[in-house]
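Keep the picture open while you read.

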Amino acid sequence: PAQPGNFATDVDTNGDLSLSGLMLIVGAPDGYSNKAGHVCHDPILTNGTFTGCNDTYLTKNYYIVAPGSDITTTDAGGEWSTETKSGTSFSAPHVTGALAILKQAWPQLSSKQLVDLVLSTATDLGDEGVDDVYGVGMLNLDNATNPQGVSEVSSSNGSSNLSSTSMTTSSVVGDSLSSVSAFDSTMVVDSYNRDYYVNLNQAVSPIDSALTLNHNFMSFSGTEQVNIDGYTIAINDRNLENFALGYTHGSCGYVLGNLQESNTFLGTSGSGALSLGGSNTQHIGIDCKKDGITVRYNIGYSNITGSEGSIITNGKAMVDTWMLGYSTKHWQFEFGQPLAVRDGDLNLNVASSVNTDGSHNYTDYKVDMDIDNRHTVSKIGYTNNFTDNVNFRVNVEYNNNYANTDSDSWSIATGVEYDF
C-alpha cells in the first residue's frame with residue numbers, strides 16, 4: 001500500500017486495532033524523515049471543516065526512530081562491496097535486527113512483548129514523552145536487554161520480589177549459608193518473564209555476635225517458668241506448643257521440651273525468596289553440678305519449613321551445646337561449645353531456565369548446614385577478696401572459630417569491687 005503506516009492505528013468493527021498493535025513505524029531522527037504525527041481515521045468535520053479526531057489510537061505511539069544517516073551497507077558492485085546510504089530504509093533494519101536479537105535471547109517472548117519492549121525502552125527525544133516528531137524516541141537495544149519492571153525469584157510454590165529478598169543468619173548455622181553454590185547463579189525474571197542470573201549469596205548476612213555457653217534452646221522459647229517441688233514447668237502463653245518440663249534429682253537437672261518458632265530457626269530468619277515458614281525443635285538437656293565440677297549438655301532435632309514464594313522448601317538439623325566446668329574458691333574454668341548445627345540440610349527448589357512457552361524449569365538442591373569451624377570457648381577466671389570490702393576479679397576468654405566461623409578472638413576483663 002502507498003501509506004502502510006496507516007495500518008498501525010487502523011481499527012476493526014469492534015474498535016480494536018486491526019494488527020493488534022504489532023506494527024511499528026520506523027523513521028530517522030534527521031530532517032528527511034517523515035514525522036510521527038497522526039493519520040486520522042475518524043475525523044470530526046464541522047460544516048465540512050476538520051475540527052478534531054475520534055481515533056482512540058495515535059500513530060505517534062507506534063512510531064520509533066533509529067539511525068538512518070551515513071549507514072554502511074552492501075551494494076551491487078561485488079561480494080564484498082559496500083556503500084554509504086541514508087534514509088529511513090536503513091533505519092527500519094536497525095529495529096528489525098533489534099527484535100531478532102531479543103527473540104533469539106529470549107525465545108519465550110511473544111510478538112506483543114517484543115513490540116512493547118522496543119517501544120517502552122526507547123530513549124526519549126524532543127519534547128518530553130511521546131511527541132509528534134520522534135514518537136516514542138530513539139531505539140535503545142542496550143536498555144531493551146536490561147531487566148524491566150520488578151525482578152522476581154521464581155520457585156515452584158510462587159515467586160518473590162528480588163529487592164525484598166534477604167537472610168540474616170545466626171551463629172547457630174555459622175558460615176554454612178554464607179557461600180552456597182546454588183545461590184551463585186540464581187535465576188530471576190523481569191516483568192517480561194525474561195531470565196537473568198544473580199548471586200543470591202550477596203543477600204545473606206551473618207549476625208556479628210555469637211551465643212555463649214549459657215545459651216540453650218530455652219533461650220529462644222520466651223517461656224515463663226514455674227518451680228514446684230523439684231519440677232519445672234515452662235510455658236509460652238502465646239504459643240502452647242512452646243513448652244518445657246524440667247526435673248531435678250540429686251545434683252543433676254533434666255529438661256525435655258518443644259520449641260516452635262515462626263519465620264525463624266534459632267535466630268536465622270529471611271524474607272522474600274529466602275523466607276522461612278518456621279521451625280519445630282524437640283530438645284533434651286542435662287545439667288549436673290557436684291564438688292565444683294559442672295557438666296552440661298543440650299541437644300535438639302529441628303524440622304525447618306519454607307514459606308510461600310520461598311526457594312527454601314524444608315530442612316532438618318541436629319543442634320547441640322556442651323560445657324565442662326570446674327571451680328574452686330578463687331578459680332573458675334570453663335570449656336565448651338555454644339549452640340551449633342552438628343548435622344543438617346536445607347532443601348531448595350530453584351528455577352533454572354525458561355521454556356519457549358514461558359513456563360519455568362526447577363532444580364532441587366540440598367545445602368549442607370554442618371559446621372566446619374565449630375566455635376569452642378575456653379575461659380579462666382580468678383576472684384579474690386583482698387580485704388573484707390575489696391574484691392578483685394579477672395577473666396580471660398579465648399574463642400576459637402568465633403560464632404562458628406573461621407575467626408578467633410581473645411578477651412580479658414578485670415574489675416575491682418569495693419563495698420562501702
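The link between Cys 252 and Cys 288 is right-handed, with 115° about the S-S bond. Cys 252 sits in strand S16 (residues 252-262) and Cys 288 in strand S19 (residues 276-290), so this pair ties together parts that are 36 residues apart in sequence. Keep in mind that this is a predicted model: local features need pLDDT of at least 70, side-chain atom pairs count only at pLDDT 80 or more, and totals for chains, interfaces and linings use all residues. Residues are numbered from 1 along each chain as its sequence is written, and side-chain values use heavy atoms, with hydrogens and water left out.

**Disulfides**

- Searching the whole structure turns up two disulfides (a disulfide is a pair of cysteine sulfur atoms within 2.5 Å).
- Cys 40 is joined to Cys 53, with an S to S distance of 2.1 Å.
- The torsion about the S-S bond of Cys 40 and Cys 53 is about 100°, so that disulfide is right-handed.
- Cys 40 is in the loop between strand S1 (25-27) and strand S2 (43-46), while Cys 53 is in strand S3 (residues 49-53), so the pair ties together parts that are 13 residues apart in sequence (strands are DSSP runs of E, at least two residues, numbered from the N terminus).
- Cys 40 counts as partly exposed at 25% relative accessibility, and Cys 53 does too at 30%.
- Number the bonded cysteines in sequence order and the pairing reads 1-2, 3-4.

**Thr 165**

- You'll find Thr 165 in the loop between strand S8 (158-161) and strand S9 (166-169).
- Is Thr 165 buried or exposed? Thr 165 is buried, because its relative accessible area is 7%.
- Leaving aside neighbours within four places in sequence, the residues in contact with Thr 165 include Val 153, Leu 200 and Ala 273 (contact means heavy atoms within 4.5 Å).
- The side chain of Thr 165 also reaches the backbone nitrogen of Ala 273 at 3.0 Å.

**Ile 293**

- Ile 293 is found in strand S20.
- With a relative accessible area of 44%, Ile 293 is partly exposed.

Notes. Helices (H or I, at least four residues) and strands (E, at least two) are DSSP runs, numbered from the N terminus. Buried means under 20% relative accessible area, exposed over 50%, partly exposed in between (1.4 Å probe, protein chains only). A polar contact is a pair of N or O atoms within 3.5 Å; within protein, one must be able to donate a hydrogen and the other to accept it, and residues adjacent in sequence count only if both atoms are side-chain atoms.
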